[in-house]
Amino acid sequence: MTDLTIASFNVKNLIGAEQEYYRFEKYSSEEYAWKRDWLADQVLALDADIIGFQEIFTESALRDVLDEADRRAQDLNDVAQPERGTRYARKAIFRRLKVEGYRDAALAFAPNLNDGGPGERRPGLAMVSRFGFVGEAEVIQEVAPAVEIPFSALGGDASAGAFTLKRLSRPVLKVRVPMGNKVVTVLNCHLKSKLGEYDRPLEAPFAPAADLTNYDPVARAMGSLRAALRRMAEAFVLRRVIVEELRAGNPVIVMGDFNDHENAVSSEIIAGEAPFKNYSWMRRHDAEQANDRYSKAENIQIKESIEAMRLHSAERLFVRKSLRDMVYTAAFGGKFESIDQIYLSRHFLPNSPDSIGEMTYFSVLNDHLTDGSHPEAPYNKLASDHGQIMAHLSLGVDPA
């Protein structure tokens, strides 16, 4: 058996000191040192074998955090680990107390193609793996050919408009990681947020809808619509990659900041549809009579076709197993929800025909989150405004 952990961590705007990332936003040397130290502590608390990071502006800043985590890991091990010659050195408790660090880990960084100059920076993604990677990491952001999403009117008119997606707002990082005796495809993503995309006329200093003193509810609603369309289109692009990997027989793990909860349409696009319990009662797609329904054999075939392409929420698997009723990774305006996700293909379900192991536990670090009205809310400029999630996996032998 091989036990391992895989985590997702939105660090919130990681960049070096005195570098303006968004307009008027930057860290002083003291603020950067505080943020680096806080992130290093969280990395140390996770101690995950694989971590997918979101909101990374520069690879050097992430390496700085990992180096600091390694220094702290060494300090902890110096205190907690007995010398080899000590009679009790081989006790299991000391193996549990040891922190591995990331000195020998592989790091892949995906810069954002939309990144600009000072004040107009756009963050990318990164992945660190103690198991290394198989082959080169792949960065997916340009969509070529562009995704054309045509709409048809309810009456069948095919000229009802279309939505076109040529580039993702942030990259998707795709790596292959050796786990036990298998190679698993791991995808790290950060989908478009719910923040509205507002029209800014050419040469205008700002979008009119951004002027809250002249509040325009219709323009702001249109901005939310654009953001939602983009997020769902990005989910579709990610779904195509997932299906390609599953059809090739590869186990798949998808992690990241989905910017939406598990039951949102964008999340359901990524995961794939859940099959009905029984298709035998359903009228056939090519029915010529009222009682033309799928056969029992077709029912089995349909459910298998759907299940083979489906992903499963690690959080939902955990809640079912533990009877815990709430996990949250973000808080805003008094609303607590999970928008950071880890999804697993059925290879990680114990009773699946393709099973190579199972998830045994699910951790979330969220004690630092406030809802924005808490007196400590300014602290969130330096800490992350996301909780960190981690799936604990136990891998066995391939099914015969």
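A: **Rings and charged pairs**

F57 is buried, with a relative accessible area of 4%; here buried means under 20%, exposed over 50% and partly exposed in between, with a 1.4 Å probe and protein chains only. The model is predicted, with pLDDT of at least 70 needed for local features and 80 or more for side-chain atom pairs, while totals for chains, interfaces and linings use all residues. Residues are numbered from 1 along each chain as its sequence is written, and side-chain values use heavy atoms, leaving out hydrogens and water.

Across the whole structure, a search finds 10 aromatic pairs, where rings of Phe, Tyr and Trp (its six-membered ring) pair if their centres lie within 6.5 Å, with planes under 30 degrees apart stacked, over 60 edge-to-face and the rest tilted. The pair of Y22 and F57 is edge-to-face, because the ring centres are 5.8 Å apart and the planes stand at 75°. Y22 lies in the loop between β1 (2-14) and α1, and F57 in the loop between β2 (50-56) and α2 (59-80), so this pair ties together parts that are 35 residues apart in sequence. These helices (H or I, at least four residues) and strands (E, at least two) are DSSP runs numbered from the N terminus. Whereas F57 is buried, Y22 is partly exposed at a relative accessible area of 27%.

A further pair joins F318 and Y361, whose ring centres are 5.2 Å apart and whose planes are at 75°, so that pair is edge-to-face. Helix α7 (residues 314-322) holds F318 and strand β13 (residues 357-365) holds Y361, so parts 43 residues apart in sequence are tied together. F318 counts as buried at 4% relative accessibility, and Y361 as partly exposed at 39%. Returning to F57, ring pairs link that residue with Y21, Y22 and Y27 into a cluster.

The loop that carries Y22 is between β1 and α1, and helix α1 itself is described next. Helix α1 runs over residues 29-46, which makes 18 residues, and reaches 26 Å from its first C-alpha to its last, close to the 26 Å expected at 1.5 Å a residue; the expected span is 1.5 Å times one less than the number of residues. Among the buried residues of α1 are Y32, W38, L39, V43, L44 and L46, and K35, R36 and Q42 are buried as well. After α1 comes D47, whose phi is positive, near 50°.

Charged side chains also connect these elements. The count comes to 24 salt bridges, a salt bridge being a side-chain nitrogen of Lys or Arg within 4 Å of a carboxyl oxygen of Asp or Glu. One of them joins the side chains of D41 and R72 at 2.7 Å, N to O. That pair links distant parts of the chain, with D41 in helix α1 and R72 in helix α2, 31 residues apart. D41 counts as partly exposed, at 37% relative accessibility.

Another salt bridge brings together the side chains of E262 and R316, at 3.2 Å, N to O. E262 lies in the loop between β8 (252-257) and α5 (265-271) and R316 in helix α7, so that distant parts of the chain, 54 residues apart, are linked. E262 is buried at 17% relative accessible area, whereas R316 is partly exposed at 30%. Salt bridges that share partners also join R36, D37, D41, E68, R71 and R72 into one network.

Some backbone details complete the account. The peptide bond from A144 to P145 is cis, with omega near -5°, and P145 lies in strand β5. K12, found in strand β1, is a residue other than glycine with a positive phi, near 65°. K12 is buried, with a relative accessible area of 18%. N259 likewise has a positive phi, near 55°, and lies in the loop between β8 and α5. At 11% relative accessibility, N259 counts as buried.
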